[in-house]
Amino acid sequence: MNETADEGAAREAWEEARAKLKIDQLLAIYSIPQISQVQIIYRAKLSKPEVSAGPESQAVALFDRDDIPWRDLAFPTVEWALNQHYSVQEKSTFPPFSNPLEV
């Protein structure tokens, strides 16, 4: 309450991973009606390199792209966001993504 969507994203990153972010721009908006959620995903950079498990997480780690444990990702939206991020990582602007068509 009383925060913008990007402020909420930064707060969630802090609560989950003790990550301080500098938000760049909106990456995607995903609709997941089967669990009554809309997820707003931002592209961001860490303001500080330190991360750790917050009160809502058991473990937190950073991975190089080639080392991401794809089979262990908890939510399909994380895989969607990572793949969409990699497709535009060299671009300074792009339209936001939504659910992949094959879903």
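**Close-up 1. Asn99, in the segment that follows α2.** This is a predicted model, and the tour starts with Asn99 in the segment after α2. Asn99 has a relative accessible area of 24%, so it counts as partly exposed. Look for its side chain: one of its polar atoms sits 2.7 Å from the backbone oxygen of Ser31. Ser31 also turns up among the residues that Asn99 contacts, along with Ile29, Tyr30 and Trp80, once neighbours within four places in sequence are set aside.

**Close-up 2. Phe97, another residue of the segment after α2.** Phe97 comes out at 24% relative accessibility, so it is partly exposed. Which residues does Phe97 contact, leaving aside neighbours within four places in sequence? They are Leu27, Ala28, Ile29, Gln84, Ser87 and Val88. Leu62, on the other hand, is 35 residues from Phe97 in sequence and 23 Å from it in space, C-alpha to C-alpha.

**Close-up 3. Ala28 and the contacts around it.** Phe97 shows up again here, as one of the residues in contact with Ala28.

**Close-up 4. Helix α2, with its 13 residues.** How far apart are the end C-alpha atoms of α2? They are 19 Å apart, which agrees with the 18 Å that 13 residues should span at 1.5 Å a residue. Thr77, Trp80, Ala81, Gln84, Tyr86 and Val88 are the buried residues of this helix. Part of what covers them comes from β1 and β2.

**Close-up 5. Thr77, a residue of helix α2.** Is Thr77 buried or exposed? It's buried, because its relative accessible area is 6%, and the cut-off for buried is under 20%. The side chain of Thr77 makes a polar contact of 2.8 Å with the side chain of Gln39. Leaving out neighbours within four places in sequence, Thr77 is in contact with Tyr30, Ile32 and Gln39.

**Close-up 6. Gln39, in strand β2 (residues 37–46).** Now for the partner of Thr77 in that 2.8 Å polar contact. Gln39 is buried too, at 17% relative accessible area. Its side chain also has a polar contact of 2.9 Å with the side chain of Gln37. With residues up to four places away in sequence not counted, Gln39 touches Ala28, Ile29, Tyr30, Ile32 and Thr77.

**Close-up 7. The largest pocket, about 2,300 Å³ in volume.** How many residues line the largest pocket? There are 44, and Ala13, Ala17, Ile41, Val78 and Leu82 lie nearest its centre. At least two lining residues come from each of α1 (5–17), β1, β2 and α2. The largest share belongs to β2, which supplies 10 residues of the lining.

**Close-up 8. Asn2 and Ser36, two spots with positive phi.** First, a bit of background: most residues other than glycine have a negative phi. Asn2 isn't a glycine, yet its phi is positive, at about 60°. You'll find Asn2 in the segment before α1, and it counts as exposed because its relative accessibility is 82%. Ser36 isn't a glycine either, and its phi is positive at about 55°. This residue sits in the loop between β1 and β2. At 69% relative accessibility, Ser36 counts as exposed.

How values were computed
Residues numbered from 1 in each chain as written. Predicted model: local features only at pLDDT ≥ 70, side-chain atom pairs only at ≥ 80, totals over all residues. Heavy atoms only, no water. Helix = DSSP H or I, 4+ residues; strand = E, 2+ residues; numbered from the N terminus. Buried < 20%, exposed > 50% of the residue type's maximum accessible area, 1.4 Å probe, protein only. Polar contact = N/O pair within 3.5 Å; in protein donor to acceptor, adjacent residues only side chain to side chain. Contact = heavy atoms within 4.5 Å. Expected span 1.5 Å × (residues − 1). 1 Å grid on protein atoms, 1.4 Å probe; cavity = no way out; pocket = protein on both sides within 12 Å on 5 of 7 lines; lining within 4 Å. Points joined across faces, edges and corners; volume = space filled by probe spheres on them.
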